[in-house]
Amino acid sequence: MATNVTKREPGSEKPGSSTGGSGHGGGSAPTLDVPPRYGGIQGLLGVHPILLLIVAAGVVYPLIANDYWTFNLTVGLILAIACLGLLVVVGWGREISLAQAGLVGSSLYITGYMARGDKPGEVGPGLPFPVAAAVGIAFVIAVSSVVALISMRLSGVYVVVLTLSLQFLLENALFTKEKLTGGLSAPSTPRPNFLGMGMQSDTRMYYYILGVLLVSMMFLYRYRHSRFGRSLIMVGVDKVSAAAVGVSPWMYKVAAFAIAGTFAGIAGALSAPLYRNPPGILQYFSFNSLFYLSVPILAGFESIMATVGVAIFFQMLPQALLSLKINPQLLGGIGLTVGVLAGPRGMGGSLIDLFDARARQKRRAAKANQNKAKAQMGGGGGASGGSKPAPAKAKGSQLGAKAPASAGSEKK
């Protein structure tokens, strides 16, 4: 027998109305709440128009900016890719990783070493860039997965200490290899070719990395709204409840660290040809891992776009105010402080409430339900307060009527 399911939007039903059907004993028919549809331009395009404006501004930016600012924004895009990996671990998995900078640096140095060797005097196998990048990314994924497997039975401060130990291990083992980091020499990493086009200019490299960032954002968006992403968020909120419904906390914990390692590896692999010469190892020490961590903490755990925006802001602000000599570590400290005080929603939650029509409607519906509940409690309290004397009187009259009988029975 088929069940009639009536779709309705929140707030569309009137109080006291019922959708009783025949054959159901006068009860209401089952209903299914569906989210409200977007209207206007957002309903027509399927995405928010402000997001389209941001993407359009990113596409037009190199056409109006010089090479210096194009290069700096490209570095900000790479920082955003690395911080998106931290969003998965910190925001969705609710674990802390203090090794993201070391993982990015490891992928950078390994990819650069694997891609070098074509020129005389260079040390390296001279692999094509896709293969060299795959080696660097695979190394970072493997290290992240091993750390996640080791920390399966750990939580809280022990995971923090373990990831910080990994950061120190990479600094003192991998970063000391001169053939990887270059040492006192300045080996050059060739830039890749994409679809037959060389990436020698900073503008083409910018568009190449921008495309990778957009694909990464789309992947995370689809992943978050998939069954696996919701299970990961459930594990981050309450591991015991997740295990009770059949979701393995350990499997999703390993998956979160593996995804974070993947994004760190991609960021490092793209940095190798962007810088051409390997940058100094000081850029990937432990204090920079705290700087990476401050980006998703300040942006909040609900908005992917906010994480990208904060990463670009942290990269561009010191360059725009170069005369003030702003230390990026200072920005990281301020970001951590403000993000912790703002809570898990961070700046991204405020932006969602400001520009998302569904969020505004949810707030209005929640406020209406809260007022309705208060009104019912107030009305119910008055009714119960008025009905209290009647039952007491009835109870007293009954007791008064039965008192002689009960007293007589007691005497008997």
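**Cavities and surface of the predicted model**

Analyst: In this predicted model, the second largest cavity is lined by Val89, Gly93, Glu95, Leu232, Val235, Lys239, Pro249, Tyr252, Lys253, Ala256 and Phe257. Its volume is about 60 Å³.

User: What makes residues of this lining count as nonpolar, polar or charged?

Analyst: Glu and Lys count as charged and Gly as polar, whereas Val, Leu, Pro, Tyr, Ala and Phe count as nonpolar. The lining therefore divides into seven nonpolar, one polar and three charged residues.

User: Which helix gives the largest share of the lining of the second largest cavity?

Analyst: Helix 11 does, with five residues. Helix 9 (227–237) also supplies at least two.

User: What is known of the largest cavity?

Analyst: The largest cavity has a volume of about 80 Å³. Its lining has seven nonpolar, four polar and no charged residues. Among the lining residues are Val89, Gln100, Ser144 and Phe257.

User: Why is Leu63 called exposed?

Analyst: A residue is exposed when its relative accessible area is over 50%. Leu63 has a relative accessibility of 66%, so Leu63 counts as exposed. Leu63 lies in helix 2.

Conventions. Residues numbered from 1 in each chain as written. Predicted model: local features only at pLDDT ≥ 70, side-chain atom pairs only at ≥ 80, totals over all residues. Heavy atoms only, no water. Helix = DSSP H or I, 4+ residues; strand = E, 2+ residues; numbered from the N terminus. Buried < 20%, exposed > 50% of the residue type's maximum accessible area, 1.4 Å probe, protein only. 1 Å grid on protein atoms, 1.4 Å probe; cavity = no way out; pocket = protein on both sides within 12 Å on 5 of 7 lines; lining within 4 Å. Points joined across faces, edges and corners; volume = space filled by probe spheres on them.
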